[in-house]
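Hi,

Here is the structure I promised to pass along. Have a look at it first, and my notes on what turned up follow below.

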Amino acid sequence: MKRTSFPKQDIRVLLLEGVSRSAVETFQNAGYSQIEFHEKSLPEDELKRRIAEAHLIGIRSRTQLTADVLEQAKRLIAIGCFCIGTNQVDLASAAGHGIPVFNAPYSNTRSVAELVIAEAILLMRRIPEKNAQCHRGGWSKSALGSYEVRDKVLGIVGYGHIGTQVGLLAEALGMRVIYHDVETKLALGNARPSASLNELLERADIVTLHVPETTQTKWMIGAEQIARMRAGSILINASRGTVVDIDALAAALRSGHIAGAAVDVFPVEPKGNDDAFTSPLVGMDNVILTPHVGGSTLEAQDNIGIEVASKLVRYSDNGSTLSAVNFPEASLPEHSQSRRLLHIHRNVPGVLSRINDLFSRENVNIDGQYLQTNPTIGYVVIDVSMPEERAAELKDALATIPGTLRARVLY
Ligand SMILES: NC(=O)c1ccc[n+]([C@@H]2O[C@H](COP(=O)([O-])OP(=O)(O)OC[C@H]3O[C@@H](n4cnc5c(N)ncnc54)[C@H](O)[C@@H]3O)[C@@H](O)[C@H]2O)c1
Ligand SMILES: O=C(O)[C@H](O)COP(=O)(O)O
């Protein structure tokens with residue numbers, strides 16, 4: 001096995017929020033042995049203490065890696081979000097510390113889509129209310145308010161990976177699909193784009209939300225948007241809790257304007273399974289409440305564990321940043337004969353020429369050099385043939401170049 005400048009047995013991996021055991025196995029199979037595993041997220045004070053010691057961290061949607069927390073992460077080389085969303089990480093701050101962030105952009109897509117379709121059918125049949133009545137000893141055998149989903153209009157807000165999967169499954173059930181997205185998207189099947197969000201809200205029998213959490217999507221569905229929805233329509237939110245004004249939704253459910261809802265994500269969620277859940281929607285029979293489990297199937301979690309852990313291992317072993325969400329993406333070859341130096345810098349003029357000047361002054365031949373940039377970060381990987389001590393000297397010299405965020409000898 002290739003030697004790393006920092007022995008693998010010293011690399012500390014901190015895994016939070018009960019990420020799949022497949023992640024642990026992936027690290028172990030790659031030769032990593034210092035793996036600390038926690039079932040829950042950590043309180044901020046403890047998170048700061050633990051992250052200060054960690055080289056790699058794995059989280060899900062609950063752990064907030066703010067600029068303040070990242071300030072403590074002096075040894076951290078990469079972050080893995082074992083989920084799709086990365087809004088819980090201050091991506092700019094991570095990049096500013098030279099830390100790439102990886103996620104699993106598709107591994108739980110299908111799980112969310114299946115849940116949404118199931119909820120659409122159950123809500124159109126008023127099953128949540130009937131289920132609750134039966135549990136209380138009631139019996140209300142009636143077709144009133146119950147409909148097939150066939151031929152109904154499904155409005156998808158955010159026609160990305162999940163939105164398109166939901167659309168395809170819905171069409172297989174005979175639904176008519178319309179969507180709204182800020183980007184121009186290829187319409188799959190017979191789906192049709194809506195002229196605007198308002199038009200979608202006014203036409204759809206069921207509205208389902210699949211946007212990321214951004215400043216534009218925060219509270220995008222409030223009282224005004226809900227009022228535009230058809231009387232007796234249904235709202236499903238399995239995106240992020242901040243997308244919907246939950247008090248406005250509760251009021252519309254109470255008034256009967258919205259006939260039913262399914263909500264998987266909340267503006268404030270419990271830290272772990274032992275903490276209490278509260279919401280204005282609690283106690284409403286026409287609402288399906290789920291504890292942020294849209295992506296929580298064993299298949300999805302298993303795949304996510306392997307996918308994200310593999311990305312962290314690849315970066316740690318080889319320097320590859322392919323599919324990083326906040327970093328220039330470099331897919332790097334193996335170089336068995338060379339040493340590999342990494343230089344992460346602010347993308348300002350003159351850094352690459354200073355790096356090359358340094359190698360030229362030191363009379364060092366470069367076996368391979370890879371440069372990738374994004375608007376803020378430059379990432380240079382340099383393969384050279386030389387003894388370990390010499391590589392360490394060059395790394396120290398690289399670190400003095402103005403604009404440097406981080407310089408490392410990878411192996
Ligand atoms: N409930 C869960 O367990 C669960 C699981 C997975 C993902 N999610 C959430 O679902 C979100 C969507 O996932 P995805 O994989 O489909 O993401 P994606 O990036 O593939 O798709 C998001 C789509 O939303 C669009 N969009 C962005 N801003 C918009 C706006 N203001 N108005 C309309 N459209 C907008 C984008 O252009 C994109 O097409 C994730 O960001 C995550 O927050 C939740
Ligand atoms: O972003 C995601 O993939 C979902 O919100 C799931 O997050 P989780 O891993 O915390 O369940």
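**Ligand shells and a few other finds**

Sorted by class, the residues in the shell around ligand 1 come out as 10 nonpolar, 16 polar and 5 charged. Keep in mind that this is a predicted model. That shell counts 31 residues, and the closest are G158, G160, I162, P212 and G294. Two elements give two or more residues to it: α5 (109–124) and α7 (161–172). Of the elements, α7 gives the most, with 3 residues.

Next, helix α1, which covers residues 21–29. Which of its residues are buried? They are A23, T26 and F27. Looking down the axis of α1, you'll find these buried residues within an arc of 95 degrees, so they line one face of the helix. Their cover includes the strands β1 (12–15), β2 (34–37) and β3 (56–59), along with helix α11 (298–318). After α1 comes G31, with a positive phi near 100 degrees.

One last item, from the records: UniProt lists residues 340–411 as "domain: ACT", in an unreviewed entry. In the model, this span is 32% helix and 40% strand, and its end C-alpha atoms lie 6 Å apart.

Cheers

Methods
Residues numbered from 1 in each chain as written. Chains lettered and ligands numbered in written order. Predicted model: local features only at pLDDT ≥ 70, side-chain atom pairs only at ≥ 80, totals over all residues. UniProt positions renumbered as here; feature names shortened; annotations may be inferred. Helix = DSSP H or I, 4+ residues; strand = E, 2+ residues; numbered from the N terminus. Near = placed C-beta within 6 Å. Nonpolar A, V, L, I, M, F, W, Y, C, P; charged D, E, K, R; others polar. Buried ≥ 20, exposed ≤ 12 C-beta atoms within 10 Å, placed from the backbone. Arc of directions from axis to C-beta. Contact = placed C-beta atoms within 7 Å.
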